[in-house]
Amino acid sequence: MVKKNQEGLKAYHLIVAENRLHHYREKVLVRLGNEIRERGWTQKEAAEYLAVSQPRISDVVTGKSHKFTLDKALEMAIAMDIPVTLDLNPSLPQGRSLTSDTEFECHQSILFYSDIIDHNPDDSTAYARRARAHWHLGQLEDAKNDYLRSAELDPGRSGPRSNLVIIYQKLGEYENALREVDHLQAHFPDESFDANLGLVLVDLERYDEALVAYEKAIKADPVRPGPHWNRAQLFEKLGQKRDALLDYQAVLRLDPTYQRAQQALEQLVESSD
C-alpha cells in the first residue's frame, strides 16, 4: 500500500510539473502571437523573420502551445525582443496553483484568444483558456459564458463543466452548480467531482454532506492535496481543530510547497497553545 501511494504521489507531481511547463509555454506563445499581430506581420513575414516554417507561425497564432517546447518558445520570444522573466521562486498562495498570472498576462490572454475565436468561433479550447483569464480577473459572468460555450462545442471534455461548478458557486448560483455536478457524474462516471461538490455544499451550510463529499474525493484521488485542504477548512469552521490539524499535515506531506496550508497549520497550533 505504501509503495502504491508513493507511485501515485510521484505520478501526481509529474502531472503537476507538466501542467506548469505547459502553462509557461502558453504564456510565451500568447505574447508571441499578440506581438506578431501588433506588428501587422503576415504569417509569411513572421516565419521569415524567425527563420521557421509558416506552419510553425500558424501554430503560434492559433494557440497550439502543446506543439512547442519551452526552450523553443523562449528562443522565438527573445528573437522578437520580447522581455522574458522566469521566476523560479514564485509566491503561489495555494502551493502548486497556477493562479499566479498577473493582470497584464490575463489581459494578454483575453486579447490573444479573442482573436483566435474571431477567426474560428468553434475553437472550444480558446473559449476555455479565455474563460480562465476572465476568472482570474474576477470577471465571472464572462468566464461562465466562455466555459458554457466551450462545453457546448466539446461535450466530451469534463474540464469546462467542472470549472463551471466553481464559477456557479462563486456567483451564488447553487442550483446551477448542483445541476452541473449531476450532469458530470452522469456523463463522466469514471471521474470524481466530489471536491467541487463539497465547496457548493459548504456554501449551502450542508456541512455533513460536504464532509462526505470530501471523504469521497480523498478516496478517489488520495495524492491530491486540494480535498484535504478543503476539508481542513471545514473542520476549522466546525471547531474540530484536531481533525483540521491532521488534514493540514496531510496537505503538506503531499505538497510541501503548499504555503497556505503551512500558514494555517501554524496559526492553528498557536491558537491551541
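Predicted model: local features only at pLDDT ≥ 70, side-chain atom pairs only at ≥ 80, totals over all residues.
Is Tyr 147 buried or exposed?

1. Let's start with the overall tally. Searching the whole structure turns up 6 aromatic pairs. One of them is Trp 135 with Tyr 147: the ring centres are 6.3 Å apart and the planes meet at 85°, so this pair is edge-to-face. For that label the planes have to be over 60 degrees apart.

2. Now for where those two sit. Trp 135 belongs to helix H6 (residues 124-136) and Tyr 147 to helix H7 (residues 140-153), so the pair links distant parts of the chain, 12 residues apart.

3. Back to the opening question. Tyr 147 counts as buried, because its relative accessibility is 3% and the cut-off for buried is under 20%.

4. Next, have a look at Trp 229 and Tyr 248. Their ring centres are 5.7 Å apart with the planes at 55°, so this pair is tilted. Trp 229 is in helix H12 (residues 225-237) and Tyr 248 is in helix H13 (residues 241-254), so the pair ties together parts 19 residues apart in sequence.

5. Trp 229 and Tyr 248 are both buried.

6. One last thing to check on screen is a charge over a ring: the charged end of Arg 56 sits over the ring of Phe 68, 4.0 Å from the ring's centre.

Conventions:
Residues numbered from 1 in each chain as written. Heavy atoms only, no water. Phe/Tyr/Trp six-rings, centres within 6.5 Å; stacked < 30°, edge-to-face > 60°. Helix = DSSP H or I, 4+ residues; strand = E, 2+ residues; numbered from the N terminus. Buried < 20%, exposed > 50% of the residue type's maximum accessible area, 1.4 Å probe, protein only. Lys NZ or Arg CZ within 6 Å of the ring centre and 35° of its normal.
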